[in-house]
Amino acid sequence: MIEIDVRGLSCPIPVVRTKKAMEQHPGQPLLVLTDNETSKENVSRLAESQGYSAKVEKASGLYRLLLEPRQK
């Protein structure tokens with residue numbers, strides 16, 4: 001699983017880094033770590049638009065977004 005740590009970064013950087021990881025590792029699940037509500041929402045929207053499901057877990061101010069490609 002590819003991990004993308006974007007804690008402390010503001011949009012659009014988390015979206016750009018997530019999209020780049022999707023392009024470099026097509027079909028692979030991704031784990032995105034962020035501490036920002038806006039980044040969580042924007043990365044989730046990107047995932048949906050790119051054919052990934054997004055499962056979000058929140059713990060101690062940290063969001064863990066598990067992005068998995070949808071089966072065709």
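User: Leaving aside neighbours within four places in sequence, which residues is I4 in contact with?

Analyst: A quick note on the model before the answer: it is predicted, local features need pLDDT of at least 70, side-chain atom pairs count only at pLDDT 80 or more, and totals for chains, interfaces and linings use all residues. Residues are numbered from 1 along each chain as its sequence is written, and side-chain values use heavy atoms, with hydrogens and water left out. Contact means heavy atoms within 4.5 Å. With neighbours within four places in sequence set aside, the partners of I4 are R17, T18, A21, L30, L31, V32 and L33.

User: Which members of the largest nonpolar core touch the most other members?

Analyst: Such a core is a set of buried Ala, Val, Leu, Ile, Met, Phe, Trp, Tyr and Cys residues joined through side-chain atoms within 4.5 Å. Buried here means under 20% relative accessible area, exposed is over 50%, and partly exposed lies in between (1.4 Å probe, protein chains only). The largest core has 13 residues, and the ones touching the most other members are I4, M22, L30, V32, L65 and L67.

User: And which elements each supply at least two residues of this core?

Analyst: Helices (H or I, at least four residues) and strands (E, at least two) are DSSP runs, numbered from the N terminus. By that numbering, the elements that each give the core at least two residues are α1, β2, α2 and β4.

User: How far does α1 reach from its first C-alpha to its last?

Analyst: Helix α1 covers residues 13-24, which makes 12 residues. The expected span is 1.5 Å times one less than the number of residues. For α1 that expectation is 16 Å, and the reach is close to it, at 16 Å.

User: Why are the buried residues of α1 on the same side?

Analyst: The buried ones are P14, T18, A21 and M22. An α-helix has 3.6 residues a turn, so residues three or four places apart point the same way.

User: Is K40 buried or exposed?

Analyst: K40 sits in helix α2. Apart from neighbours within four places in sequence, K40 contacts T34, V56, Y63 and L65. K40 is also linked with E37 and E41 in a network of salt bridges, a salt bridge being a side-chain nitrogen of Lys or Arg within 4 Å of a carboxyl oxygen of Asp or Glu. Its relative accessibility is 12%, so K40 counts as buried.

User: Which residue does R70 meet in a salt bridge?

Analyst: The structure holds six salt bridges. In this one the N to O distance is 2.2 Å, and the partner of R70 is E48. The pair links distant parts of the chain, 22 residues apart, with R70 in the segment after β4 and its partner in helix α2: E48.

User: What separates the closest N and O atoms of D5 and R7?

Analyst: D5 is partly exposed at 36% relative accessibility, and R7 is partly exposed at 40%. The two form a salt bridge, with those closest atoms apart by 2.5 Å.
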